[in-house]
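The sequence and structure come first.

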Amino acid sequence: MTEQVRLTVNGVPRDVEVEPRRLLVQTLREDLGLTGTHVGCDTSQCGACTVHLDGRAVKSCTVLAIQADGHVVTTIEGMAPDGGLHAIQAAFWAKHGLQCGFCTPGMIMSAADLLESNPDPTDDEIRHAIEGNICRCTGYHNIVAAIREAASTLRAGTDVPAAANA
Amino acid sequence: MTTDVLGSPVKRVEDPRFITGKGRYLDDIQMTGMTYMAILRSPYANANIRSIDTSAAKAMPGVILVLTGADVPYNPLPMAWPAGGSSGVQNNINMPRALATDDVKWTGEGVAAVIAETPEQAADAVEVVHVDWEPLPAVVDTEGATQPGAPQLHENAPNNVVFVWTVGDKAGTDAAVDAAEVVVRQRIVNQRLIPNPMEVRGDIGLYNPGTDEYTVWMSSQTPHIQRLLLTAFVTGIPEHKVRCISPDVGGAFGTKIFCYADMALVMLASKLIGGRPVKWVETRRENYQSTTHGRDHVTYLEIAGKRDGEVTGLRVKTYANLGGRLSTIGPGVPTTLYARVLAGCYKIPNVYCEVTGVYTNTTFVDAYRGAGRPEATYVIERAMDLFAAEIGMDRAAVRRKNFIAPDAFPYDNPSGLGTAVNGEKIYIDSGNYEPALNKALMTVGYDDLDKAKAEARTRGKHLGLGLSTYIEVCGVAPSKWIGAVGEGWGAAMWESANLKVHLTGKVILTMGTQPQGQGHETTYSQIIASELGLAMDDIIVQHSDTLGTPFGYGSYGSRTSSVGSTAAIKAAGKVREKARRYAAHMLEASVDDIEVVGAEYRVKGSPEKKKTLQEIAFALDLGFSLPEGMEPYLDETAYHDTPNCTWPFGTHIAVVEVDEDTGKVDLVRYVAVDDVGNKINPMIVDGQLHGGIAQGVGQALWEEAIYGDDGQLLSGSMLDYALPRASWMPNLELDETVTPSPVNPIGVKGVGEAGTIASTAAVANAVIDALKPFGVRHLDMPFTAPKVWRAMQSQEVRS
Ligand code: FES
Ligand code: FES
């Protein structure tokens, strides 16, 4: 038994047929081929699967695809303007905020949610905001530095042109 | 365009794909006709299998194939590193099978496998495989398993003993301990850890019925080794018929070095179902039960010395839990990788260590970041603190007094490979320990420690400071270590590189090493750019695929930057030399008259007569005009066997605050001064240290794999196993001293493990320092609030 679900993913309407037990993360990865969103656990602990649902960060392993019916989903693939990078992506790169990269999409999505509501967070606020995202590689030091830098870039309102990322 | 990139913090070339969601990890690979495997795992820690009935599973929707041990004509998974190797130590070896046939030895051991059209169908079908179990009493306690009356796991291992391995001079050490003015004794536990790379393991097997060849994608640190082990030892398939590929690997920390049952199962299953691809990706719970664990030692340490602070002897007895059966290099970790650096950076004349490897009904234990060396550092650094406390001497002063002096290198460490039976000696080649200690003490404000403690008391906190002055042996390893001593992989440990300058001047470096987040594509590009005078953009680094890369031993043991880089530099040297000879031909000069400046090959004294590397490659790759005896193409391969390991060192200092009401421990400062030699990319080096430190801190404060007495893994999910979170960690204060390693041309040492090796002991010593007012001399990790609170109740505050 399957159900028809309509999502708007990274700005594009997508119709998918899913089993009721199908998780949003499975639909994104397997039905829509958006494999930038990762699965790191089976207990909603790691945050590797974080995406935006109607603009707020959610763990997509904890949302059923049918619950997202009619809603707007943004994944890591939808963060960057064409050919460029979002300020948070650029800052993760510049500050070495990633190593294996597996946690990175989820981290970036959580950071984006934080900076939306708190454009000038303290280090403590950053650390608390990404508490639901586990990184085993970086010790978080450079992730915090990256989010701090992204916040200041975003506050300054400067776009990050593609050429500056080379 | 800049070619002067060696030693610069250039941004990583692999990052654009990762920050945009375009990384390609194992589970991201989709193929037409993909099938999915699920594995039935034992619910019992110790049980016999009377029978297995797969008929219901076979009838489930979407099921294509069900396998049990009887269907898998495989040899056991190889155990490649016995304790002491050929030096005569008896190893009572029991290896896992691809699927258990007669019995299981831990909860999570694989018993049956289902291949189905979807992952959900495979998971559903596994549920209805019926096993008739005969449960048996289990034993999980490391020391207890060796005691009389404990359940016996294996007939060939009385008292569950895998081996008893010793190193050092027993008589001399006994005499030193007997004669000493002061002897301090302590039992310490280095608890079991679950490594937890954020990407779990997985494989895809694909059989080609047309060619009778197999391709296996695997989330692995060692694709070449896996091809060797899976063919020569497990399946008997000829080695040249198998290709192994590691895609992007989402962290590994040792767990992805090893040979696992699932790798063989996906190969076999793909053949049995006519060549459809078979994908298996473990769940996190499965990862906790059936991918290797780390550490798990119980140690009795005795440190002997004089009241003036001189340490004269170290005698250590360790029980090392290796799980229910042995993983690929399980016995090597608590023996040679552990006890050979047990004396740390200290000149201790008498060292003796006995290690008993133990079977218990738990998941197999193998190398986890640092592998043996964090355990050794924990022993010696706790011992130094215990000794200092006993004689009433300052902890830093005791360390300083016993450091191996800077002019004592090469140093023949008494438990090191210098003492190996019939072995060729391997010395600690370099070091200068005091400057790192002094720098760290200065940074942390050691002289004001009492003031800081008093200030913390006004806030209801007990402040503690802990030192860890460590060395590590990395850059593994000279093949003579393995060949002559019989310790190490049942194979050598050199590394390989192939460098091609193609017709258009673009360069491809292919390596036998295998990254898992370390940024090899960047650091190797930096090296080749600087060796050949090229822009990094003109270089691509390839790895991870046994088709097209030279055989290599993979990445672990902080070996890539020392051993791998040297292979790459040698290949670049060969390319340069051939280019120089060809430039002489092109310029009609003698080879001796050609000088190389960056990418230009010039005639000495007439710099206008020159060819660029690109011009040389173009002509040489075409080969229209070749000097006598020269082959076309600029394509060189180099293999490098390192003459020695590398010996990083440093001082780490942790500052913690313990809440007086709750016992909660906060890590408030962390200062690390590391000497990892020269750096290829200091930004990447710092990142490795950050991550390593966090893992070591995790062990000290939060992480612990816990089994119930019945062998059930109680810390069986990420909900129950406390991994470091961002809000639990402080910013880290890093500094350096630089003592270049003499064993490779760029003087690097490797840094993947240093942070983890040093940090656990630093944090533990800090917590125990904080608890000094309560008369606490030692407490076992992890220092959770309830444990610390209880320790604080045991005695009233004295000061
Ligand atoms: S996959 Fe771990 S929280 Fe969603
Ligand atoms: S970068 Fe590897 S888990 Fe965060």
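## Interface of chains B and A

In this predicted model, 51 residues of chain B are in contact with 47 residues of chain A. Between them the two chains bury about 4,400 Å², and carbon and sulfur atoms give 53% of that area. The interface of chain B and chain A holds six salt bridges. It also holds 30 residue pairs in polar contact, both residues at pLDDT 80 or more. On the side of chain B that touches chain A, at least two residues each come from α1, α3 (119–126), α7 (284–290) and α17 (682–701) of chain B. The most comes from α17(B), which gives eight residues to that side.

One salt bridge between the chains can be described in detail. Asp28(B) and Arg29(A) meet through their side chains at 2.8 Å, N to O. Asp28(B) is in the loop between α1 (15–19) and β1 (35–41) of chain B, while Arg29(A) is in helix α1 (residues 24–31) of chain A, so the pair joins two chains.

## Domains of chain A

Chain A is divided into domain 1 (3–78) and domain 2 (87–160). The C-alpha centres of these two domains of chain A lie 21 Å apart. In the contact between them, 18 residues of domain 1 of chain A meet 13 residues of domain 2 of chain A. The two domains bury about 1,200 Å² between them, with 58% of it on carbon and sulfur atoms. Of the area that domain 1 of chain A buries against domain 2 of chain A, 40% is supplied by His38(A), His52(A) and Ile76(A), more than by any other three residues.

What polar links join the two domains? Nine residue pairs are in polar contact across the interface of domain 1 of chain A and domain 2 of chain A, both residues at pLDDT 80 or more. Elsewhere in the listing of salt bridges, Arg56(A) and Asp113(A) meet through their side chains at 3.0 Å, N to O.

## Salt bridges

Over all chains, the structure holds 63 salt bridges.

| Residues | Distance |
|---|---|
| Asp28(B) and Arg29(A) | 2.8 Å |
| Arg56(A) and Asp113(A) | 3.0 Å |
| Arg243(B) and Asp545(B) | 2.7 Å |
| Lys401(B) and Asp308(B) | 3.9 Å |

Arg243(B) and Asp545(B) form a salt bridge within chain B, with the closest N and O atoms 2.7 Å apart. The pair links distant parts of the chain, 302 residues apart: Arg243(B) is in strand β11 (residues 242–245) of chain B, and Asp545(B) is in the loop between β19 (539–542) and α15 (560–587) of chain B. Arg243(B) is partly exposed at 29% relative accessibility, whereas Asp545(B) is buried at 15%.

The salt bridge of Lys401(B) with Asp308(B) has its closest N and O atoms 3.9 Å apart. Lys401(B) is in helix α10 (residues 395–402) of chain B and Asp308(B) in the loop between β13 (294–305) and β14 (311–321) of chain B, so the pair ties together parts that are 93 residues apart in sequence. Lys401(B) is partly exposed, with a relative accessibility of 42%. Asp308(B) is partly exposed as well, at 39%. Chain B also has a network in which salt bridges that share partners join Lys170(B), Asp174(B), Arg185(B), Glu302(B) and Arg315(B).

## Cysteines

How many disulfides are there over all chains? The count comes to zero. Cys474(B) is in no disulfide, and the nearest cysteine sulfur, that of Cys645(B), is 8.0 Å away. A disulfide needs the two sulfur atoms within 2.5 Å. Cys474(B) is buried, with a relative accessible area of 0%. In chain A, Cys100(A) is buried too, with a relative accessible area of 3%.

Terms used. Residues are numbered from 1 along each chain as its sequence is written. Chains are lettered from A and ligands numbered from 1 in the order in which they are written. This is a predicted model: local features need pLDDT of at least 70, side-chain atom pairs count only at pLDDT 80 or more; totals for chains, interfaces and linings use all residues. Side-chain values use heavy atoms; hydrogens and water are left out. Buried means under 20% relative accessible area, exposed over 50%, partly exposed in between (1.4 Å probe, protein chains only). Domain bounds come from an automatic or database domain assignment. Contact means heavy atoms within 4.5 Å. Buried area is the accessible area (1.4 Å probe) that two parts lose on being put together, summed over both. A salt bridge is a side-chain nitrogen of Lys or Arg within 4 Å of a carboxyl oxygen of Asp or Glu. A polar contact is a pair of N or O atoms within 3.5 Å; within protein, one must be able to donate a hydrogen and the other to accept it, and residues adjacent in sequence count only if both atoms are side-chain atoms. Helices (H or I, at least four residues) and strands (E, at least two) are DSSP runs, numbered from the N terminus.
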